[in-house]
Amino acid sequence: MKVHIFSTSARHAIARSLLYSALAFLVAVPITSKAMAAQDYAIFALDSEFESLSVNKARKLYRGKTKRLDGKKVELSDWPEQSQERTDFYQFLLGKNSAQMNAHWASLTFSGKARPPRELADAEVDALLRWMKEKPNRIGYAPVESLPNDANILFVVEGEK
């Protein structure tokens, strides 16, 4: 068995090489933080008759605790399960991740207390708008900057800043 003993200058050279490699890796990998990537989401309707929501009412709506707004039974939409929009929205509004929300909705569905929001097939605002235009009682959420001009914003869920 050979034992390698490096001189002080060799150890410094190795340490410098490792340091440069680590720095090169950090520069090559984009650094993104949740704060930089965060955006605001709006719960909205295309029906202008719905009134603004309080934070408690918005949370109850997306927890399945409220089925009606302003006396109208509503249908909720949801983004595809693996989408960033869905992940961010539930984290910002309810402090829950996708797995926690799936378990929550499964429990409500099994007990017959509520049905989960309708999951969109595509992670596109146009798909959401097409679905919402079919019936006036449909409610969705989307990044604020992607909403159409005629959207009735009920509540804004602010991303972490």
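## Close-ups of a predicted model

**View 1. E75 and K135 pair up.** E75 makes a salt bridge with K135, and their closest N and O atoms sit 3.4 Å apart. This pair connects distant parts of the chain: E75 belongs to strand β4 (residues 75–78), while K135 is in the loop between α6 (125–133) and β6, 60 residues apart. A salt bridge here means a side-chain nitrogen of Lys or Arg within 4 Å of a carboxyl oxygen of Asp or Glu. Helices (H or I, at least four residues) and strands (E, at least two) are DSSP runs, numbered from the N terminus. E75 is partly exposed at 21% relative accessibility, and K135 is partly exposed too, at 38%. For these labels, buried means under 20% relative accessible area, exposed means over 50%, and partly exposed is in between (1.4 Å probe, protein chains only).

A word on what you're looking at: this is a predicted model, where local features need pLDDT of at least 70, side-chain atom pairs count only at pLDDT 80 or more, and totals for chains, interfaces and linings use all residues. Residues are numbered from 1 along each chain as its sequence is written, and side-chain values use heavy atoms, with hydrogens and water left out.

**View 2. The whole chain, before zooming in again.** The protein's secondary structure comes to 6 helices and 7 strands. Starting at the N terminus, the elements go α-α-β-α-β-β-β-α-α-β-α-β-β. Of the protein's 161 residues, 35% count as buried. Searching the whole structure turns up 7 salt bridges.

**View 3. D78 meets R86.** Here D78 forms a salt bridge with R86, with 3.6 Å between the closest N and O atoms. D78 is buried, at a relative accessible area of 2%. R86 counts as buried as well, at 7% relative accessibility. Elsewhere, salt bridges that share partners tie E75, E134, K135 and R138 into one network.

View 4. How many residues of helix α4 (residues 84–94) are buried? The count is 8 of 11, so the helix is largely enclosed by the rest of the structure. Among the buried residues of α4 are R86, F89, Y90 and F92. After α4 comes G95, whose phi is positive, near 70°.

**View 5. E49 reaches K72.** In this salt bridge, the closest N and O atoms of E49 and K72 are 3.3 Å apart. Distant parts of the chain are linked by the pair: E49 lies in the loop between β1 (41–45) and α3 (55–63), K72 lies in strand β3 (residues 72–73), and 23 residues separate them. E49 counts as exposed at 57% relative accessibility, whereas K72 is partly exposed, with a relative accessible area of 27%.

**View 6. D70, a residue with a positive phi.** D70 isn't a glycine, yet its phi is positive, at about 50°. You'll find D70 in the loop between β2 (68–69) and β3. D70 is partly exposed, with a relative accessible area of 43%.

**View 7. The largest pocket.** Rolling a probe the size of a water molecule over the atoms shows where empty space is left. The largest pocket has a volume of about 360 Å³. On a 1 Å grid over the protein atoms alone, a pocket is an open set of points where a 1.4 Å probe fits, with protein on both sides within 12 Å along at least five of seven lines; lining residues have an atom within 4 Å of a point. Grid points are joined across faces, edges and corners, and the volume is the space filled by probe spheres set on the points. Which residues lie nearest the centre of this pocket? They are V74, E75, L76, R115 and P116, out of 16 lining residues. The lining divides into 8 nonpolar, 3 polar and 5 charged residues.

**View 8. G64 and R115 across the fold.** G64 and R115 are 51 residues apart in sequence, and their C-alpha atoms are 7.4 Å apart in space. G64 lies in the loop between α3 and β2 and is buried, with a relative accessible area of 13%.

Definitions and conventions
Nonpolar A, V, L, I, M, F, W, Y, C, P; charged D, E, K, R; others polar.
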